[in-house]
Amino acid sequence: MKITYLGHASLSIEAHGKTILVDPYITENELAKHIAINTLEADYILITHAHEDHIVDVEAIAKRTGAILISNFEIISYFEKKGLKGHPMNIGGSWKFDFGKIHMVNALHSSSFPDGSYGGNPCGFVLETKHHKIYIAGDTALTYDMRLIPKMIGYIDLAVLPIGDNFTMGVKSALKASDFLECKKVLGYHYDTFDYIKIDKIKAINKFAKKRKELNLLPIGDSLKI
Ligand code: NI
Ligand code: MN
C-alpha cells in the first residue's frame, strides 16, 4: 500500500490497483498549492465528516473521475443530490469493496456542512486489504474506543492520527492513541494548515521516538509505503 500525503487531512492511498482519496482539501490549502487536483486519480473518496476542511474538493474530483464516495448516510445523501455516486455506511459497519474492506469506526468530533446542513456523525475508517490494515482516525479526540480497533479488526500496520491539537487530538493524545491501537507506526496529519494547529514537528517526532514509536510527518506530496 502506498500512502501519499496531500496536506491537512487529505490522503491518496493506492491499494490493489485502486486509488482511494481521503478528505480532499487541497485548492483552499495555502500549503498545498503545488498539488493540482485535476491530476489526482480517484476510484473512491472516503469522507470522515462534513466540515469544510475535509470536503472542499470532493465534488470537482468526483465529477471528473466518477469516483464513488464512501461516508456516512447523511453525507452520501447530500452529495447524491448534487449528482455524485456514493456508498452510505454508518459507525460499526463494514463492507467489502474491490480494493479491500472498509470498517467505519467512531470519532469524537462534530460534523455539519459549511451551509449548516446536518452531516451525520463524524467517523474514522480502517482500510483492510489482504496484507495490511491502516486506521484513518479522521478529526477526533482521544477515545477509549480506540482500544477496540486492534481487538476487533486485528493488527494495525499504520495509524493516521490528527496531531494539531485545538480542534482534535494533539501530540500527547496521539501518542496515547497509538498505545490504545497497539501500533508503533503513525502518520501525523491535521497540523500546520491554520494558526490554531501549528506544531513543533521536531518535538513531536522526538516525543514518539522516546517511546520507541515512529511518527512520520511527510512533506505535502510525499509518500510512504507499508
Ligand atoms: Ni472537523
Ligand atoms: Mn478538520
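**Entry 1: a hairpin**

I started with strands E1 and E2, which form a hairpin with five residues between them, and I noted that Gly7 in the turn has a positive phi of about 95°. I kept in mind throughout that this is a predicted model. The two strands, E1 at residues 2–5 and E2 at residues 11–15, pair in the antiparallel sense over four bridges. I looked up two of the partners in E2: Lys2 has Glu14 as its bridge partner, while Tyr5 has Leu11.

I then followed the chain into the next hairpin, that of E2 and E3, where two residues lie between the strands and His16 takes a positive phi near 50°. Here too the pairing is antiparallel, this time over five bridges, and the partner of Ala15 in E3 is Lys18. I also asked myself how many of the five residues of E2 are buried. I found that four of them are, so E2 is largely enclosed by the rest of the structure.

**Entry 2: the sheet around the hairpins**

I next looked up the sheet to which these strands belong, and found an open sheet of seven strands with mixed pairing, in the order E6-E5-E4-E3-E2-E1-E14. At its edges stand E6 (85–89) and E14 (223–225), each with a single partner strand, so one side of each is left without a neighbour in the sheet. Neighbouring strands here are turned by 20° against each other on average, with direction ignored.

I noted two helices that pack on this sheet. Helix H2, residues 58–65, touches strands E3 (18–22), E4 (44–46) and E5 (68–72), and its direction makes about 160° with that of E4. Helix H3, residues 73–80, touches E5 and E6, and its direction makes about 140° with that of E5.

**Entry 3: another sheet**

I turned to an open sheet in which seven strands follow the order E7-E8-E9-E10-E11-E12-E13, again with mixed pairing. Its edge strands are E7 (94–96) and E13 (214–216), each of which pairs on one side only. Within this sheet I checked E11, residues 158–162, and found that E11 and E12 pair in the parallel sense over four bridges. Leu161 stands opposite Gly188 in E12.

**Entry 4: aromatic rings**

I looked up the aromatic pairs and found that the structure holds 10 of them. For Tyr5 and Tyr191 the ring centres are 6.4 Å apart and the planes are at 5°, so this pair is stacked. The pair links distant parts of the chain, since Tyr5 lies in strand E1 and Tyr191 in the loop between E12 (185–189) and H6 (201–210), 186 residues apart. Both tyrosines, Tyr5 and Tyr191, are buried.

I then examined Tyr144 and Phe180, which form an edge-to-face pair, 5.2 Å centre to centre with 85° between the planes. Tyr144 sits in the loop between E10 (133–136) and H4 (148–153), and Phe180 in helix H5 (residues 171–180), 36 residues apart. Are the two partners buried or exposed? Tyr144 counts as exposed at 60% relative accessibility, whereas Phe180 is buried, with a relative accessible area of 14%. Elsewhere, ring pairs link Tyr44, Phe97 and Phe99 into a cluster.

**Entry 5: the metal ions**

Which residues are the protein donors of the manganese ion (ligand 2)? I listed Asp53 (OD), His54 (NE2), Asp139 (OD) and His190 (NE2), which lie 2.1 to 2.2 Å from the ion. Along the sequence these donor residues are spaced D-H-x84-D-x50-H. The nickel ion (ligand 1) is 3.1 Å from the manganese ion (ligand 2), and Asp139 coordinates both.

Asp139 is buried, with a relative accessible area of 2%, and His190 counts as buried at 1% relative accessibility.

Conventions. Residues are numbered from 1 along each chain as its sequence is written. Chains are lettered from A and ligands numbered from 1 in the order in which they are written. This is a predicted model: local features need pLDDT of at least 70, side-chain atom pairs count only at pLDDT 80 or more; totals for chains, interfaces and linings use all residues. Side-chain values use heavy atoms; hydrogens and water are left out. Two strands pair if DSSP finds at least two bridges between them. Axes are lines fitted to C-alpha atoms, for helices over the stretch in contact, and angles run from 0 to 180 degrees between N-to-C directions. Contact means heavy atoms within 4.5 Å. Rings of Phe, Tyr and Trp (its six-membered ring) pair if their centres lie within 6.5 Å; planes under 30 degrees apart count as stacked, over 60 as edge-to-face and the rest as tilted. Buried means under 20% relative accessible area, exposed over 50%, partly exposed in between (1.4 Å probe, protein chains only). Donors are N, O and S atoms within 2.8 Å of the metal (3.2 Å for Na, K and Ca); water is not among the atoms, so sites may look incomplete.
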